[in-house]
Amino acid sequence: MSSLLQMLFPTTCLICALPGPWLCNPCEEKISRVPTGGEIGGMKLWAGAYYGDELSQLILLAKEQNSAPARNYLAQLIVEAFMSAAIIPIQGSAVTLIPIPSSSAANRQRGFRHSYLLARRTASLIERATSQQVEVKEGLRVNRKIADQSNLNRGERERNLSGAYSVDNRHIRRSTQQVPERIFLIDDLVTSGSSIREGLRALQELGITPCGVLAAGVSPRVFS
Ligand SMILES: [Zn+2]
């Protein structure tokens with residue numbers, strides 16, 4: 001069946017561009033999985049894979065080119081991270097995913113909300129895999145101009161993001177009925193952890209402490 005589909009709708013590997021599946025075996029094998037959870041900013045962190053060239057390409061494709069197959073792969077990595085967090089289903093209580101936001105300027109320029117779309121895709125994959133209800137709440141927003149983080153060092157990232165997030169009251173309220181143990185921050189990649197710490201700070205101002213962070217990728221430095 002897959003070879004028939006391949007004949008009718010030929011695809012190429014997102015990374016090496018060879019004809020075949022969206023991610024060929026040799027490329028997929030270069031993406032190494034993270035065996036255990038770690039900690040960041042006093043919160044538990046679960047990530048699917050270590051950051052490397054291949055994962056970096058997939059993140060760029062999803063984030064800058066709105067590639068659905070690349071986003072799907074990142075979402076699968078986050079589902080693996082969720083599974084290793086071993087969250088026990090609670091009757092009638094949904095898991096809530098709060099995406100680390102991009103600035104509205106970046107969203108406008110791209111024409112889509114990468115962090116939201118990734119969280120939505122992840123939510124539907126977790127629902128399918130575990131039958132738990134999963135909600136995505138865009139509870140954080142960027143409240144001022146921030147610079148692109150990619151060329152900043154750790155101290156510059158902290159300053160760039162300090163106080164930059166606010167809680168969006170349309171999505172999250174202080175008198176939340178959500179069980180705190182069921183709330184996760186979610187991001188494509190954790191490197192310095194500055195956006196995670198800022199997200200946590202903004203939520204804690206409302207008395208909300210998520211139980212952890214789920215990410216597709218993590219810099220090996222974070223776990224060393
Ligand atoms: Zn390949």
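This report walks through the core, the helix packing and a few loop residues of a predicted model.

## The nonpolar core

The largest nonpolar core holds 58 residues. Within this core, Leu74, Ile78 and Ala215 touch the most other members. Helix H4, residues 68–85, supplies the largest share of the core, with nine residues. In soluble globular proteins, nonpolar side chains tend to be buried together.

Setting aside neighbours within four places, Leu74 is in contact with Leu58, Ile59, Ala62, Leu118, Asp188 and Ala216.

## H4 against H6

Helix H6 covers residues 114–130. H4 and H6 pack with their axes 8 Å apart, at an angle of about 55°. The two helices are therefore oblique to each other. Their crossing is right-handed.

H4 brings Arg71, Asn72, Leu74, Ala75, Gln76, Ile78, Val79 and Phe82 to this contact. H6 brings Leu117, Leu118, Arg121, Thr122, Leu125, Ile126 and Ala129. By class, the contact of H4 with H6 has 10 nonpolar, three polar and two charged residues. An α-helix has 3.6 residues a turn, so residues three or four places apart point the same way. Several members of the H4 list can be read with that spacing in mind, among them Arg71, Leu74 and Ile78.

## H3 against H4

Helix H3 spans residues 53–65. The axes of H3 and H4 come within 8 Å and cross at roughly 120°. That angle makes H3 oblique to H4. H3 passes H4 in a left-handed crossing.

On the H3 side, the contact is made by Leu58, Ile59, Leu61 and Ala62. On the H4 side, Ala70, Arg71, Tyr73 and Leu74 take part. The contact of H3 with H4 contains seven nonpolar residues, no polar residues and one charged residue. Arg71 and Leu74 of H4 take part here, and both also belong to the contact with H6.

## H7 and H8

Helix H7 runs over residues 154–161. Helix H8 runs over residues 194–204. H7 and H8 pack at an angle of about 30°, with their axes 9 Å apart. That makes H7 roughly parallel to H8. The crossing of H7 and H8 is right-handed. Arg157, Glu158 and Leu161 of H7 meet Ser194, Ser195 and Glu198 of H8. The residues of this contact divide into one nonpolar, two polar and three charged.

H8 has 11 residues, and eight of them are buried, so H8 is largely enclosed by the rest of the structure. The buried residues are Ser194, Ser195, Ile196, Glu198, Gly199, Leu200, Ala202 and Leu203. Among these, Ser194, Ser195 and Glu198 are in the H8 side of the contact with H7.

## A buried loop residue: Leu14

Leu14 lies in the loop between helix H1 (2–8) and helix H2 (25–29). Leu14 counts as buried because 20 other C-beta atoms lie within 10 Å, and 20 or more is the cut-off for that class.

Apart from neighbours within four places in sequence, Leu14 is in contact with Trp22, Leu23, Leu58, Leu61, Ser67, Pro69 and Ala70. Leu58 and Leu61 of H3 and Ala70 of H4 also take part in the H3 contact with H4. Glu80 is 66 residues from Leu14 in sequence, and their C-alpha atoms are 21 Å apart in space.

## Other loop residues

Asn66 sits in the loop between H3 and H4. Asn66 is not a glycine, yet its phi is positive, about 60°. Asn66 is partly exposed, with 14 C-beta neighbours inside 10 Å. Ser131 also has a positive phi, near 60°, in a residue other than glycine. Ser131 is placed in the loop between H6 and strand S4 (134–136). With 8 other C-beta atoms within 10 Å, Ser131 is exposed.

Ala147 is in the loop between strand S5 (140–142) and H7. Ala147 is partly exposed, with 13 C-beta neighbours inside 10 Å. Not counting residues up to four places away in sequence, Ala147 touches Leu152 and Asn160. Ser103 is 44 residues from Ala147 along the chain, and their C-alpha atoms are separated by 9.4 Å.

Methods: Residues are numbered from 1 along each chain as its sequence is written. This is a predicted model: local features need pLDDT of at least 70, side-chain atom pairs count only at pLDDT 80 or more; totals for chains, interfaces and linings use all residues. A nonpolar core is a set of buried Ala, Val, Leu, Ile, Met, Phe, Trp, Tyr and Cys residues joined through C-beta atoms within 7 Å. A residue is buried if 20 or more other C-beta atoms lie within 10 Å of its own, exposed if 12 or fewer, and partly exposed in between; C-beta atoms are placed from the backbone. Helices (H or I, at least four residues) and strands (E, at least two) are DSSP runs, numbered from the N terminus. Two residues are in contact if their C-beta atoms, placed from the backbone, lie within 7 Å. Axes are lines fitted to C-alpha atoms, for helices over the stretch in contact, and angles run from 0 to 180 degrees between N-to-C directions. Angles under 35 degrees count as roughly parallel, over 145 as roughly antiparallel, 65 to 115 as roughly perpendicular and the rest as oblique. A crossing is left-handed if the near helix is turned anticlockwise from the far one by less than a right angle, and right-handed if clockwise. Ala, Val, Leu, Ile, Met, Phe, Trp, Tyr, Cys and Pro count as nonpolar, Asp, Glu, Lys and Arg as charged, and the others, Gly among them, as polar.
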